[in-house]
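Okay everyone, thanks for coming. Let me put the structure up, and then I'll walk you through a few spots in it.

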Amino acid sequence: MMKFSLSLIYSIIVLGLLSFFNKPTTSKPNPTELTISTFAGPNITPSPACLAVAPTGEVYVGVDMIGSLGKDPGKGRILKLVDKDNDGKLDEHIAFADVDNPRGIIVQGNKVFVLHTTFSKETKEATGMNLVVFEDNDGDGKADGPEKPLIEHISNAKYIRERGTDHATNGIRMGIDGWIYISVGDFGFHDAVDRSGKKLTMLGGGLVRVRPDGTEMEIFTHGTRNVYDVAIDPYMNVFTRENTNDGGGWNVRFSHHIQTGEYGYPVLFQHFTDEIIPALADLGGGSGTGALFMNEPNWPEKYNNVPMMADWGRSMLYIHRVTPDGPTFTQKDEEFLKIPQITDLDVDGSGRLYLSAWDGAGYSGSETKGFILRAVPNNWTYKAFPDVKKLSVKRLAELLKSNSSVARVTASQELLSRSDKQATSVTLKIAADKNLPLYARVAGIFTYAQLTKENGINELVELTKDETVREFALKALTDRKDFLDKVPSAPFLAALKDASPRVQAAAIVGLNRLGKTDAAPALLQTKVPASFTAPSKDIEGPHATPNSSIILPHLAVQALVSLDATDACLAAVGADNTDLALWALRYMHNQKAVDGLIKSYATVKDEKLKKQILTTLARLYKKEEAYDASWWWGTRPDSHGPYYKSVTWAGSPAIEKLLKDEWAKADAQGKQFFVDLDARHRMDIAAFAVEEKLAATEEPKIDLEKIKNKKGQVGKSSIEDVLLAINKLQGDPLKGRTIFNNQGCIACHSLSRTEKMKGPFMGQIGSIMNREQIAESILKPDASISQGFATVMITAKGDKTYMGFITEETAAKIVMRNIAGEVFNIKTSDILSRKEMENSMMPQGLANSLSYDELASLVTFLSQQKK
């Protein structure tokens, strides 16, 4: 077997990258309109995981020499980098604060917000992740005292201890609405607690937001995988470039996050895609990291007003051209800057863009790798950003109207700190001024809403009458839950019929947040499009195909479930809005819903509707077990759905009785409906079960020891000589395919998605890695191990031991493949211990018997795999 590194695909930090990664490079595409220079090297900023730039230009870098999989504390810090004379060269660096695993930074005035892993001083083991704030009131560039926690335990400590911070909680960014948006990886979290004492649990990944004082923590969206950071535009559109799935068949996705949206990972992601908001694009392999929405006036037009999204795996900063499409967007992505293992980016108030790169720093960080770049337009000249603390309210109002996002957010935050009548007056004036650009009015609306809280409701209601800003006035009215009881429903109910789908979306989300059940009948009028259809049996649905028509009914369903509108939904069954009602009822695990559906089934005559009701009841038969953070679905989770760790509940017996009764009455064809229903929803009702027949497959019988003990040209040469040689040889891809089979690669690697997934997927490696990188990963298998394909040692009951890599993991079992290609199904209840090994399962020397030409042919063949 040959084990190739796919860590460039699978979001894990690589050891031993090629010399291409040993120094800063912007070789492709390197736009001629920009001047790019190195700002700091590894002697100052080794292993930079994140950065943030103050409006005035000071760069705060999160140095992380623990890395993604390291577990030893005391290797992280926040550095403040200063270019005193603004000539593009670093003049001073200051150790701002010591933190471990910094993953996100925001700078606002004298406050520096940091998201990082926490460790016990006594045991040196990870205790979770916290969002904290430091203050530098004396301006010496150092935190004045210890951190102040805003949210504690916002990741799963158990799996950070076991795996490291690779799937934990990541980037943070502030929007013009004043919320801090937090990117949560699919470790999720249990009982995170904010400054008010509020607790929150989230199974899996998504976006969470919190106020800058650490209160009002809430889930914004759910169902993403390992999202690392967000880009937020002036109109509060939130974009992410999510991480890849470690070989499970899912790639990087670019998503538009709409509040309350469910994005489906992993349980709805393939077979229940009719119920999710799909991503805007499947981008192939990669590892999304830092993100920024560039909105600065001195940047070239073609690089401005776009989400800029870093991809660590592809060593590329991408631009996504987004085009409005109803309440959402479509997109077209393009390469922008080639930067080795880029991690993050941010821009200051004068238009200086700073970018951090890992540069091959390794699994657990490196003291000798990593750098910071500075990029500015060629015609850029330094223009000092003002000290907002010294500005009058009038001057701050001018900044709030600026065509710079940095200026608007900074001015907004400073006006909030003034909190006086003058600040309130000027922000309302900006919000209401129809002659101003929309971005300025939006900034005015959100700043006014934050300043006035419940006292601004009447003016915001008045602004909902202005069609230009109606969407944003509606959002601002329900943005804070503390005074929702004072917000009227009428503007939202009226907006459900607005011509703009964006306004309708804002109205639906607003009614969800208002929590008034009398809104249910109006929500049930939301039309369900023809695209609301479940994927065919065993067919992966369109989880990354834009579907603007599904957004409004999706949001309406989320609202109906949140409102617990069981009665209204049951009353709608059999009416024109049956589809939406039954869609919502799928998630209402209460006895009233079960009894009502059973009663409806007994009275309806339409056969199609009867099957819809039975399908809804089948969905309700089980529910997701309450999450307690004792488990995680791993990097290759069971994605069948609709639940991962399902359990029956009080309503299950009545559902089972009805289904069995109807099964007994059915003919052979009718019985198949129940068999399929049981399989799709994994009810595990014995009466409907069929014996699973596994197709026999001939696995290749390969003697790896024999292969590696043969000596050829490659085995007699140094790695450096081999790499130099194959750089000069094109190789024959047809011969390479034969070598792929003969050298044992086929035992653990698939080339087509139609094949059973084994180890790292080779079908797209050529779109991620160049020939040199592929060759090195063949010659040095231990140098980089693809995430999800580390060698695992399991001991189980019955004195059994297994070693291999995990190919599938469910709540009930683990499927493991060993070095010989043998497959084992291990019950989780039988597992006594599980440990990841440090070395690759691929033995050294599998290429030793090859000639230079043969290795070149194999590398060329693999480099052409770009599916």
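**Aromatic pairs and a helix neighbourhood**

So, if you search the whole structure, you find 23 aromatic pairs. Keep in mind that this is a predicted model.

Let's start with F187 and W632. Their rings sit edge-to-face, 4.8 Å centre to centre with 85 degrees between the planes. And where are the two residues in the chain? F187 is in the loop between β11 and β12, W632 is in the loop between β27 and β28, and they're 445 residues apart, so this pair links distant parts of the chain. F187 counts as buried, at 1% relative accessibility, and W632 is buried too, at 8%.

Another pair is Y265 with F269. The ring centres are 5.8 Å apart and the planes are at 80 degrees, so that one is edge-to-face as well. Both Y265 and F269 are buried. They also belong to a cluster: ring pairs link them with Y627, W631, W633 and Y644.

Okay, on to the helices. Is α13 mostly covered or mostly open? Mostly covered: 7 of its 8 residues, in the stretch 578-585, are buried. W583 is one of those. The buried residues of α13 pack against α10, α11, α12, α14 and α15.

Two of those neighbours, α14 and α15, also meet each other. Their axes come within 10 Å and cross at roughly 160 degrees, so the two helices run roughly antiparallel. The crossing is left-handed. On the α14 side the contact includes L597 and Y601, and on the α15 side I613 and L617 are among the residues. By class, that contact has 8 nonpolar, 2 polar and 1 charged residues.

Conventions: Residues are numbered from 1 along each chain as its sequence is written. This is a predicted model: local features need pLDDT of at least 70, side-chain atom pairs count only at pLDDT 80 or more; totals for chains, interfaces and linings use all residues. Side-chain values use heavy atoms; hydrogens and water are left out. Buried means under 20% relative accessible area, exposed over 50%, partly exposed in between (1.4 Å probe, protein chains only). Helices (H or I, at least four residues) and strands (E, at least two) are DSSP runs, numbered from the N terminus. Contact means heavy atoms within 4.5 Å. Axes are lines fitted to C-alpha atoms, for helices over the stretch in contact, and angles run from 0 to 180 degrees between N-to-C directions. Angles under 35 degrees count as roughly parallel, over 145 as roughly antiparallel, 65 to 115 as roughly perpendicular and the rest as oblique. A crossing is left-handed if the near helix is turned anticlockwise from the far one by less than a right angle, and right-handed if clockwise. Ala, Val, Leu, Ile, Met, Phe, Trp, Tyr, Cys and Pro count as nonpolar, Asp, Glu, Lys and Arg as charged, and the others, Gly among them, as polar. Rings of Phe, Tyr and Trp (its six-membered ring) pair if their centres lie within 6.5 Å; planes under 30 degrees apart count as stacked, over 60 as edge-to-face and the rest as tilted.
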